Amino acid sequence: MAYLWYKVLHIVFFASWFAGLFYLPRIYVNLAHQTPGSESYTLLLGMAKRLLRFMTIIAVVNLIFGILLISVIGLKHGWLHFKLLLVFFVFVYHYSCYVIYKRFAAHSNQKDHVFYRWYNEIPVLLMLAIVYLVIFKPF
C-alpha cells in the first residue's frame, strides 16, 4: 500500500515540478522584452525568484518519493536506469534556470526572447521521454 502512495505522490510532485519548469522560461521570455530596472522587469524578476524557490522545494520532495519508489522496486530494470539519466538532465535544466535567473537579477542577460522560447521546449522533450519509459518500460 505504501508503494501506491509513493507512486501517487511522485506523480503529483512530478507534474507540479514540470509545471514550474514550463512556466519559468515563459517569465524569462517576458523579462527579455523588458528594460532592466523597469517596474515590470522588477515584478517579473520577483515572480521568477518565487517560482524558482517553490519549484526547487517541489523537485526535492519529488526526488524523495522517487527514491522511496526505487527502494521498493529496486534498480534491476533497464528502463529505470535510462529514466534516472533523464531525471539527471532535468535537474541540470532546473539548475540552468537558476543560472539564468541570476543573470537577469544581475542585469547581465545576453539572450533574446526567441532563445527563451526555444529553451522552454527542452522540458517538454524530457517529460515525453520520461513518461514513455515509465509507461512502456521498453527494456
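Residues 24 or more positions apart account for 81% of the chain's contacts with a separation of 6 or more, a contact being heavy atoms within 4.5 Å. The model is predicted: local features need pLDDT of at least 70 and side-chain atom pairs count only at pLDDT 80 or more, whereas totals for chains, interfaces and linings use all residues. Residues are numbered from 1 along each chain as its sequence is written, and side-chain values use heavy atoms, with hydrogens and water left out.

**Overall architecture**

The chain comprises five helices and zero strands, in the order α-α-α-α-α along the sequence. Helices (H or I, at least four residues) and strands (E, at least two) are DSSP runs, numbered from the N terminus. Along the principal axes, the C-alpha atoms fill a box of roughly 50 × 25 × 15 Å. Of the 139 residues, 33% count as buried; buried means under 20% relative accessible area, exposed over 50%, and partly exposed in between (1.4 Å probe, protein chains only). The accessible surface comes to about 8,300 Å², of which 72% belongs to carbon and sulfur atoms. Accessible areas come from the Shrake-Rupley method with a 1.4 Å probe, and for residues only the protein chains shown count as cover.

**Helix α5**

Helix α5 covers residues 122–136; at 1.5 Å a residue its 15 residues should span 21 Å, and its end C-alpha atoms are 21 Å apart, in agreement. The expected span is 1.5 Å times one less than the number of residues. P123, L126, I130 and L133 are buried in α5. Seen down the axis, the buried residues fall within an arc of 95°, so they line one face of the helix; the arc is that of the directions from the helix axis to the C-beta atoms. Their cover includes α1 (2–33), α3 (78–105) and α4 (113–119).

On the other side of α5, L125, L128, I135 and F136 are exposed. I135 has a relative accessible area of 59%, and its C-alpha atom is separated by 31 Å from that of I27, 108 residues away along the chain. Just after α5, K137 takes a positive phi of about 45°. K137 also lies over the face of W79, at 4.9 Å from the ring centre; a charge sits over a ring if NZ of Lys or CZ of Arg is within 6 Å of the ring centre and within 35 degrees of the ring normal.

**Aromatic residues**

A search of the whole structure finds 18 aromatic pairs. Rings of Phe, Tyr and Trp (its six-membered ring) pair if their centres lie within 6.5 Å; planes under 30 degrees apart count as stacked, over 60 as edge-to-face and the rest as tilted. Two of the pairs are tabulated below.

| Pair | Centre to centre | Between planes | Class |
|---|---|---|---|
| F14 and F18 | 4.7 Å | 45° | tilted |
| F115 and Y116 | 5.1 Å | 85° | edge-to-face |

F14 and F18 are four residues apart in helix α1 and therefore separated by about one helical turn. F14 counts as buried at 14% relative accessibility, as does F18 at 0%. In the other tabulated pair, F115 is partly exposed, with a relative accessible area of 32%, while Y116 counts as buried at 2%. Both F115 and Y116 belong to one aromatic cluster, together with Y28, Y41, Y93, F104 and Y119. The charged end of K111 sits over the ring of F115, 5.0 Å from its centre.
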